[in-house]
Each structure stands twice: as C-alpha cells, then as structure tokens.
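Dear colleague,

Please find below the structure that I am handing over to you. My notes on it follow directly after.

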Amino acid sequence: MSGTENQMTGAEIVLQALKDNGVEHIFGYPGGAVLPIYDEIFQQEDIQHILVRHEQGAGHMAEGYARSTGKVGVMLVTSGPGATNAVTPLQDALMDSIPLVCISGQVPTSLIGSDAFQECDTVGITRPCTKHNWLVRDVNELARVIHEAFRVAQSGRPGPVVVDIPKDIQFATGAYTPPSAVPTQKSYQPKTQGDLKKIEEAVALMKSARQPVIYSGGGVINSGPQAAHFLRELVELTDFPITSTLMGLGAYPASGKNWLGMLGMHGTYEANLAMHDCDVMICIGARFDDRITGRLNAFSPNSKKIHIDIDPSSINKNVRVDVPIIGDVAAVLEDMVRLWRAAAKTVDRTRLEDWWKSITKWRARNSLAYTPSADVIMPQYAIQRLYELTKDRDTYITTEVGQHQMWAAQFFGFEEPNRWMTSGGLGTMGYGFPAAVGVQVAHPDSLVIDIAGDASIQMCIQEMSCAVQYGLPVKIFILNNQYMGMVRQWQQLLHGNRLSHSYTEAMPDFVKLAEAYGGVGIRCEKPGELDEAIKQMIDTPAPVIFDCRVANLANCFPMIPSGKAHNEMLLPDEATDEAVANAIDAKGRQLV
Amino acid sequence: MNAHLQPTGSAYFIAKETELAETHTLSVLVDNEPGVLARVIGLFSGRGYNIESLTVSETEHEAHLSRITIVTRGTPHVLEQIKNQLERLVPVHRVVDLTVRAAGLGHERPIERELALVKVHGSGEHRVEALRLADAFRASVIDANIDHFVFEITGKPSKIEQFIAIMKPLGLIEVCRTGIAAMNRGPQGM
Ligand SMILES: Cc1ncc(C[n+]2csc(CCOP(=O)(O)OP(=O)(O)O)c2C)c(N)n1
Ligand SMILES: [Mg+2]
C-alpha cells in the first residue's frame, strides 16, 4: 500500500478488519481506552455489538457463540480492569481449544509503563492464557496483526488470542491491508494431513483388534462437521464401541447403537471398563486428561494406543501411545475410513462378538441408576424430563460447573455436534449462562438452555440484564439443591462430611430475581408438576429463570475417586455411607 | 502440570520410566519480536522445566530472526515435551535438539562455547601465579592495575568452570558468563 489509498484511522481499521474476517457479532464493554473503537461501532451497521454487563460475560458469550457455530468468537474490552476481567474466559478458551479474538484497549503508547490510569500489562498478564498475543505499536501494522490473530485463533488447535491496541494507535491514521494482501507468516503452520504410513499402521492394528474402543474428544467437534461425519462412518464400518469425553459429546449420537456413554471420573461403567480392558484404543481429538485416565499407571494397561491429534504436544504427554497420528481429525479420519473400506473384505467381524458380550453385561449393570422419588424431584429425573420435552426441538444446552453439569452430561442425549457447551478444562462456574446468551445470539430461533447450579448461576447472573436488553429468550434451568453440591459431595467423601462453607445460607428468590431483571421466573418443587412447568418455560418467549428445587443431598455417581483406576469405580447401588467414607485413601485426598 | 513425574499410563512402557535425566542443548529459531523471550521463559517456568543456561541474540537481521540456545535437563520424555511445546509458540520457526543431532552425526556432543569475564585480586605472589595460569588457559588480560586483573576466557563450560575454581584461592572478585552458544559440527545448518 502506498500514498493515501486505504488510509484509515486505527479504529476504522479495527472495524474493517473484523468485517473482512467475517465477523457479524462482537461482545463487549466500553471504557476510556476503547472509545475511538466504540465511536466507529456507532457509525456502522454491519457488525452488531452486544453490550454485556461484565467482561467475563463477554468472553463466555464469545465462547458459546464460537462453539455453537464453528466460527471465531470476538470480544472487546477496555484497558486495565476490562482486560483483567477477560482473563478467566481466555484461560477457559485456551483449555477447551475455543477460537477467540479479544481486542483490548491500552493506554496511549507514550504512557505505557508509567502506571497510568487503568494501565495494566495486558500482554504480560494474558501471555500464558492465550495462544498468542500482540501489543500493536504502529498503526500500519494493525490490520496485519488482526488478520494474523484470526488465523492463529482458528488454525491448528484453536484457541484464544489478544490484540492490545493503545488509544493513540486507534486515533492515528495508517494504511489498511486487506487479508488477501497480508504475506503469510512463516512460523506456526500446523500440519493438517496425517502421515499415511501411520494411518495404515493404525488400520492394521484395528483390523486385528479383538477388544477395541474408540475414545473421542472435543477435537472432533473443533475439527468441524466433516469430522463427526467420518467418525460416525468409521464406527458404522468397524462396529467398534465408542465413548467420548465431556467435551466430545454429540460427535457420535447418544442414540447410536455403539455408544457407551461418557467416560472418565463420572462416566459410565461400560465406558470405563471398556477403556480399562481394551486391546486397541483409538483416541481421536482427546488428550488423556486426568479426569479421563484416573490413576495413570493403571490406565488401560493392556492396550495398544492410537492417538489422532492436531497438536504434537498432546502426543505422549500424559500417556505413551504406540501409533501417533498428527493431523486434523477430519482429514485423518477421511483417510482412515478409505483405508478401512479397502481392507473391509479381510476383516473378520465375528472376532468382536465376545467383546460385545462383555459390554452387554457391563451395560446391564445400569451404572446411572438412581432411586426415584414421588415427593422430591431427583436431579437426574429433572434432566431426563428436560431432555424428553426438548429433544424434538432445535435445542442447544450449556452448563455451569458442578453436579448438575455431570448429570446433564449423563442424562441429556446429544445427537449432533456443536449442541453442547460446557467448561471442561478449566471448570469455570459462571460459564454456562453467558455462553447460552452467545449461543442464542448466533441462533436466535433455537431453544437455548443453561443447565445451572444454584451457586454457579450467581457468578454471572448479571447477564440477565443483557439477555433482556437484546430480547434473547435464554432459559436458565437451575437444579437448586441449596448446596455447592459437588463441593459437598467431595466433603462427604473426603473430609468426614464436614460441610465447610458449601451451603448457601441466603439464597436469592430466583423467581423474583428473574422478574427484577425483566425476565420470567418459574418455580417447581413437585415431580408431578415438573412436565407442565418445563413446557411453560419452553413456551415463554423471554429469558426465564427456572428454579427447580431438587433433592438436596443427592450424589453424582458413578465416580472414579481421584487416584483410583477405571475398574475401581464407585457405583450408585454400592455407594453406602460406609463405602463412600472409605472410598478414598489419604493419598487420593491430596489429589484434585 | 507435573504429569511427567508420574508413572506412565501404558504398562508397556513402565520400564522406560526409569529413564535418567539428561542434559541437552536446544537451538530455537524465533522471530525477533518483543516478548518472545518472555514466552520461552514463561513456558519453562509455567510447566516446571529446567533452564541451566540461556542465551539469545539476533542472528539474521534482515529476516528479524533470533537464535536462542537453551541448556535444559530432563528425561527423554520431558525433553520431547519441551521441544513440542516450544514448537507450538507462534513466533518459533524451528527447534533443534543439538545433543540428539550430534549423536546422530556420530559426535559426543555439539560444539558448545562460552565467554566469561573473571576479575581477580592480583598482588604479591598471587599476581604472578594468576598470570601464569591465565596464560595456560589462554585467557587474555583486558583490564589490570597493580592489584587486579580482568581476564577474558572462552571455551567449553567445563574449562571455564575449572579456570574459575583455580582463581578462587588467588582472590576471585567476580565472574560474568555469557551462557552457551552452540551448533553442530559438519556442513549442515540447523
Ligand atoms: C469459579 C469457580 N470457583 C470455584 C469452583 C469450585 N467448584 C466446583 S463445583 C462447585 C459448586 C457448584 O455448585 P452449584 O453451582 O450449586 O452446582 P451443584 O454442584 O450443586 O450442582 C464449586 C464451588 C469452580 N469450579 N469455579
Ligand atoms: Mg447447587
């Protein structure tokens, strides 16, 4: 670019670059250091800005938006406290590999380092919680940096990035470079195509497997609809059983005949035993996280492991694998399906009969069973009813963090990818509601429900005001057990049932709270009235807080206590008070 | 974060867990941009890896490239992780484990050199002794008056350590070392 063509102010460049990267919505909150950008937002109509009530809310909204659409989520915050409030969702997005671009204002370059009003070292603070970040000191670099930010956020293993823009750069005039004119960066070029030799090796292993299991994860969702398509095809062709992590739910349909349910700490008996006893494990877009593996030296001791991941640093990090395949899940699975088809004639399907017999036996154990009640609403029952009454609709589910999250994962059946948004890696209470607002922005006509806990919902409840402002009819379905249930459960299991600060003494009246914000409140206390109340919630064309009063002391089972192996899980019918009290030894108590 | 300290998951490889820690020298080619060193160091401290020595300087001015040389210590498993984690950083172009490369070329180790400035009291009979030893180590005198010397010495780290140890009883005042610069023998670049 030369001369005066394409000359713009920094703030104009920001808006132009966002448009050129396909952005339609941004979630943000104004402040002194971003006023020039807000002035530009005011003067255009292509991009809709959603005004949040707390920057953390903006970040989780952008995450929900991204996860439900496959697009990059964008947030905009001011310097200092605006940026520090963004840290939690940035780390959340880093751990769950969600593509996010955060634009932050910074004090003018001449004031950087002077402890100016609302100054903080944003790139320093966000360095470890982003894939990459930039402080832009030259307006002529601004467009290139923003384009590069979008590239980095969505290529390879997706993640959050920050572009920190000092206020004088927003005012300064410089050249705008469109994305097509930006020279491609030489470093950071992740590989997407898998090594064919390795894929052949994997197929050979799979052909000879007698007790195989597919363990899929959030990477399948990130890779896009094609990945879920090929995953389903692979399961169909091989007839292998499949389980998934919390983050991967929906990639394979819960109604599919090879589905074992979720695995891990609160996974099903059949999923965890299949993982423990398998002879070949095919890990697809998952990362052998500690919630999945349990005690590492007892994890699936007799299996050969195949690991497909786009991030080489995930390979051999926690668990050694035999056949690593580095590449994008969709690309690798496409090759794998093709190779399997070519070899199909030589595969003996009957070899899996005994394995399926074992699985049938494990399934019969019915590890998600709970004791129903006619007097109080059991939390599991509430999720089951919510599922039954919404499954034929166009529904998206988000969650907060705690028991309700695990019950949602266990009892809500996901048939499609991108329908399930939850904070898996960081476990952020306060994620679910803003995430649901973000999902609703992207899918205005869909039914979006945040399955919440009474404690978690209070962490970002202020976004009710945002939902009401934009007419976003998000539903908050609170499993209100009056406790931080998951904390209480751990205290019962690990700390002699001393319930230190896990009971909420002064719970707000959620119905009045909804009304105070201009939404609708619904309360339900009786199992017999639940269906009607849920229907009423679904039919309300406004934000709803549903206060579902559930049994206070229910525990979430099955559970593999920390430090235990997959075949040492606590099952609901065996979890007597004594078994629960002795389940975890002193060593396990030190783990998280 | 210390998963590498725990037993591995797969029973096949449990034997490997007896792997001993090794010292390796890594060469990392990075964009010379603000904060790149902080990213590298933050990665090491955040994930609990060791840094025994670290040097950095721009090596290709036009291309804005710097070369970081890191001496680190860990089991082969951890060393592999370090390399993978470094390669994940956006401004990192290449990571080469020079120690592994040297072994592949049939050498015991890569060429590793360091420079040190060593200030010593030098009066009386110690003065002559210090000068004599410096000569033997091919250290040169770059500053001196009647009661001190500043020596400049380059060489392998072991040679520098030896020189410093010898200077101690002669009245060592202070030492400044550059950290290690390293590359492999032979015609190929990194
Ligand atoms: C921001 C944050 N702080 C603390 C925790 C620790 N924590 C995990 S679950 C939980 C309790 C959640 O209670 P509630 O939302 O009522 O859900 P329940 O377990 O009762 O379903 C807490 C405090 C967390 N995950 N996130
Ligand atoms: Mg609760």
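**Findings in the structure**

At a relative accessibility of 0%, Ser300(A) counts as buried; buried means under 20% relative accessible area, exposed over 50%, and partly exposed in between, with a 1.4 Å probe and protein chains only. Ser300(A) sits in the loop between helix H13 (290-293) and strand E13 (304-309) of chain A. Helices (H or I, at least four residues) and strands (E, at least two) are DSSP runs, numbered from the N terminus. The phi of Ser300(A) is near 35 degrees, a positive value in a residue other than glycine.

Two notes on the basis of these values are needed here. This is a predicted model, in which local features need pLDDT of at least 70, side-chain atom pairs count only at pLDDT 80 or more, and totals for chains, interfaces and linings use all residues. Residues are numbered from 1 along each chain as its sequence is written, chains are lettered from A and ligands numbered from 1 in the order in which they are written, and side-chain values use heavy atoms, with hydrogens and water left out.

Backbone geometry deserves attention at further places. Most residues other than glycine have a negative phi, and most peptide bonds are trans. Asp239(A), a residue other than glycine, has a positive phi near 60 degrees. Asp239(A) belongs to the loop between helix H11 (225-238) and strand E10 (242-244) of chain A, and is buried, with a relative accessible area of 16%. The peptide bond from Phe557(A) to Pro558(A) is cis, with omega near -5 degrees. Pro558(A) is found in the loop between strand E20 (544-549) and helix H23 (577-582) of chain A.

Helix H1 (residues 10-20) of chain A has as its buried residues Gly10(A), Ala11(A), Ile13(A), Val14(A), Leu15(A), Ala17(A) and Leu18(A). After H1(A) comes Gly22(A), with a positive phi near 80 degrees.

**Chain A as a whole**

Chain A holds 24 helices and 20 strands. Its C-alpha atoms fill a box of roughly 75 × 60 × 45 Å along the principal axes. The radius of gyration of chain A is 25 Å, which agrees with the value near 25 Å that a compact globule of 592 residues would have; this radius is taken over C-alpha atoms, and the globule rule is 2.2 Å times the number of residues to the power 0.38. Of the 592 residues of chain A, 62% count as buried. Among contacts (heavy atoms within 4.5 Å) in chain A between residues at least 6 apart in sequence, 76% join residues at least 24 apart.

**Strand E5 of chain B**

In a regular strand the side chains alternate between the two faces of the sheet. Strand E5 (residues 111-121) of chain B has a covered face made up of Glu112(B), Glu114(B), Ala116(B), Val118(B) and Val120(B). The uncovered face of E5(B) consists of Ile111(B), Arg113(B), Leu115(B), Leu117(B), Lys119(B) and His121(B).

Two strands pair if DSSP finds at least two bridges between them. E5(B) runs antiparallel to strand E7 (residues 148-155) of chain B, joined by eight bridges, and Ala116(B) has Ile153(B) as its bridge partner in E7(B). Five bridges link E5(B) with strand E8 (residues 172-177) of chain B, again in the antiparallel sense; there, Glu174(B) is the bridge partner of Lys119(B). Strand E9 (residues 181-183) of chain B is joined to E5(B) by three bridges, also antiparallel, with Ala181(B) as the partner of Arg113(B).

With kind regards
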